[in-house]
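Dear colleague,

Please find below the structure that I am handing over to you. My notes on it follow directly after.

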Amino acid sequence: MEAPTPTPTPTPELPEDIIPDILKRLPVKSLVRFRCVSKSWHSLITSSSFIHTHLHFKKSRSLILLARYCETLLSIGPQQQHQPDFNITTTAVDGFQKAVEVDSFDLVRNLPYYVKGHCDGLICVVINDGVDGALVLWNPSIRQYKRLPLPRNFHSTREVFGLGFDSTIGDYKVVRAPSSYCQMKIKDYHPQVEVLTLGSNTWRKIPDEDTPPFCIEHFFQATNANGALYWLVAANDDPFHCEILRFDLAKEKFKVVPSPPDTFHRNVSWLGTLEGSLCAIHTQRLSYVDVWTSKDDETWTKLITIPRMPGPEASVRHSDYVPLCFTSSGAVVIGIKLEGFVTYHPIENKVSKLAVQNVEHWLQETVCAESLVSPYAADEPAAARQHQMRSAHTASRSLWQLILGLKHGVANYFSCSSGDPRQ
Amino acid sequence: MSNTSENPNPSSSSAKMTLKTSDNELFEVEEAVAMKFCTVKQYFEDEKDSDVAARGSTTVIPLPNVHSAVLTMLISYGKKLPQSNAVADNHEEEETKKKERKKYEQGLLKNLMPGELLDLISAANYLDFKEGLEFFNQALADHIQNKSVEYVRKFFGIKNDYEPHEEEKYREEYAWAFEGIECWLIGELKQFMAKTKTLDIAGTLLGIKPALIVASFSVRGLNSLDSNILKPEMIAPGENILAAWINAIGPTGLDSNT
């Protein structure tokens with residue numbers, strides 16, 4: 001039989017439910033562009049159900065964001081090499097080879113800032129602008145940000161915040177927790193916990209009896225997993241011993257979670273997420289690294305053990321190993337502060353260096369998802385659109401104002417203060 | 001043939017089913033592969049329940065929405081998938097099999113025209129062929145990922161219902177999303193050039209009246225490389241052919257251009 005000739009039919013009508021299935025596989029940049037295809041595609045791509053599907057699609061891409069001191073945020077993302085037609089060849093590590101600056105709004109250029117938490121592609125950033133400071137919710141993938149109202153007695157970068165999603169109310173919450181820096185250095189500092197729900201846009205204190213007897217270091221990022229926020233805290237009775245503090249987003253209660261067991265009684269040196277699960281690592285200088293994961297806070301399962309690699313390639317900075325994410329080949333990308341990146345493949349038991357362009361040093365690493373989630377998700381669509389345009393066009397003006405140190409009230413004009421309070 | 005075996009888990013791969021396409025072609029397919037098409041599986045199971053199964057004659061399953069060319073490709077993809085009753089391999093074998101499959105998939109996609117992809121997806125959806133749908137949807141997503149809005153509109157046959165000023169405003173606002181994408185024209189050109197063309201010799205046409213007159217300034221005589229060929233080797237009708245021009249300013253500068 002000869003080769004079949006292509007059918008000369010006109011473009012067949014694809015069934016309605018196929019289009020979202022195709023679109024959910026696309027990166028955010030393509031989707032933002034394709035919102036322009038037609039009005040129906042626009043409403044599809046901006047619908048919350050599609051955004052949710054896109055976010056939770058199993059092959060969704062992770063971005064590694066690097067926060068640097070007084071310099072713009074860097075993003076290392078899976079930029080696929082585009083080949084003509086169907087020859088997509090992904091390079092060895094999914095395109096984690098080049099870091100690009102992410103800051104079209106000059107939000108953080110030349111200003112000290114910290115990433116305090118992240119959730120669903122949104123990051124919560126505190127900026128010290130020399131005046132009152134700013135608390136910003138930012139989605140670097142779609143380049144939208146929203147200034148949040150500041151809580152009382154805001155000490156800018158020395159504060160501790162977390163960002164998470166409360167599925168019981170279907171909204172995002174920003175949590176302000178007691179900061180150990182403020183406890184030590186600020187007079188009359190009352191450690192208290194406040195919660196801001198994006199829909200209500202106001203800060204609300206939680207009852208005093210629920211406030212934990214712990215203070216958190218301001219440079220720790222909150223980890224969002226299992227419907228709760230987690231921080232590493234120093235135990236009250238033994239400052240050299242770390243404990244895991246958990247804040248349930250729905251119930252708004254604190255709890256101490258038992259750390260994974262370790263034969264050498266090492267401290268948990270890092271807490272974070274890998275593939276959506278809570279993850280903790282045990283390591284010490286010159287020792288091997290154990291990576292544990294837990295889905296329910298009760299039982300910990302050992303995920304990977306990164307052995308000590310002999311030879312000059314080995315890094316002595318095992319205590320600074322931070323597992324970031326998995327590549328498509330099953331290797332885990334590890335960031336080592338002050339050194340760079342490596343990948344470790346658990347089955348092949350191989351450590352290889354990962355060279356990333358444009359990265360020299362960084363302060364904090366965050367792995368967040370590429371998502372379409374808008375910081376204005378809780379707002380009315382019309383108001384949200386207005387603010388989007390303001391964000392885009394008045395960005396340079398915003399920076400100028402920051403530098404000139406205008407009053408808090410004027411800065412508030414550009415912050416989003418509308419939005420009906422949720423019932 | 002196949003409906004005589006009541007075995008739900010066909011361990012013998014010799015059981016076959018017959019599928020009939022929209023252009024009345026018959027395909028004999030191994031049951032294990034055909035079962036991946038859930039629509040076929042459903043039909044087969046319905047048949048089993050009814051009395052027809054007892055008859056023992058061959059059942060031909062009609063697929064009125066699927067063309068033979070498309071079904072050929074879907075079947076060959078289905079054959080390459082890991083069979084559900086296969087023995088679990090160790091890691092090494094699994095890796096080699098994975099690599100083989102990837103190679104096959106890339107080969108399949110290389111020779112595919114984008115328009116065919118839409119046919120394949122429609123058919124896979126009709127047949128409820130989950131693995132095939134997943135694969136071809138991903139291929140289509142990869143294909144359109146870096147394309148322009150115009151390309152996507154044309155590809156899916158979508159009408160642009162935006163006003164020009166609305167669209168322009170959007171493009172300005174999200175200019176960063178429109179950077180570095182493949183120009184629509186380049187995409188079309190690539191596709192055009194990817195199609196193979198053949199030139200057939202039609203022969204000499206006699207008796208055409210009036211005979212074509214070659215313009216006086218066209219070259220005549222022998223081809224310098226091969227004196228068996230007389231110039232002009234290739235001609236087309238028309239003189240003073242102009243390139244395209246914009247409506248605002250015509251080439252002659254006159255008010256009307258015919």
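In chain A, the bridge partner of A:Trp138 in S7(A) is A:Tyr145. Strand S6 (residues 134-139) of chain A pairs with S7(A) in the antiparallel sense over 5 bridges, where pairing requires that DSSP finds at least two bridges between two strands. Strands (E, at least two residues) and helices (H or I, at least four) are DSSP runs, numbered from the N terminus. The hairpin of these strands has 4 residues between them, and A:Arg143 takes a positive phi near 60° there.

The model is predicted: local features need pLDDT of at least 70 and side-chain atom pairs count only at pLDDT 80 or more, while totals for chains, interfaces and linings use all residues. Residues are numbered from 1 along each chain as its sequence is written, chains are lettered from A and ligands numbered from 1 in the order in which they are written, and side-chain values use heavy atoms, with hydrogens and water left out.

Strand S7 (residues 144-148) of chain A is largely enclosed by the rest of the structure, because 5 of its 5 residues are buried (under 20% relative accessible area; exposed is over 50%, partly exposed in between; 1.4 Å probe, protein chains only). A:Gln144, A:Lys146 and A:Leu148 cover one side, A:Tyr145 and A:Arg147 the other.

In chain B, B:Asn24 has a positive phi of about 60° although it is not a glycine; this residue is exposed, at 56% relative accessible area. B:Asp128, also not a glycine, has a positive phi of about 55° and is partly exposed at 32%. The peptide bond from B:Lys231 to B:Pro232 is cis, with omega near -5°.

With kind regards
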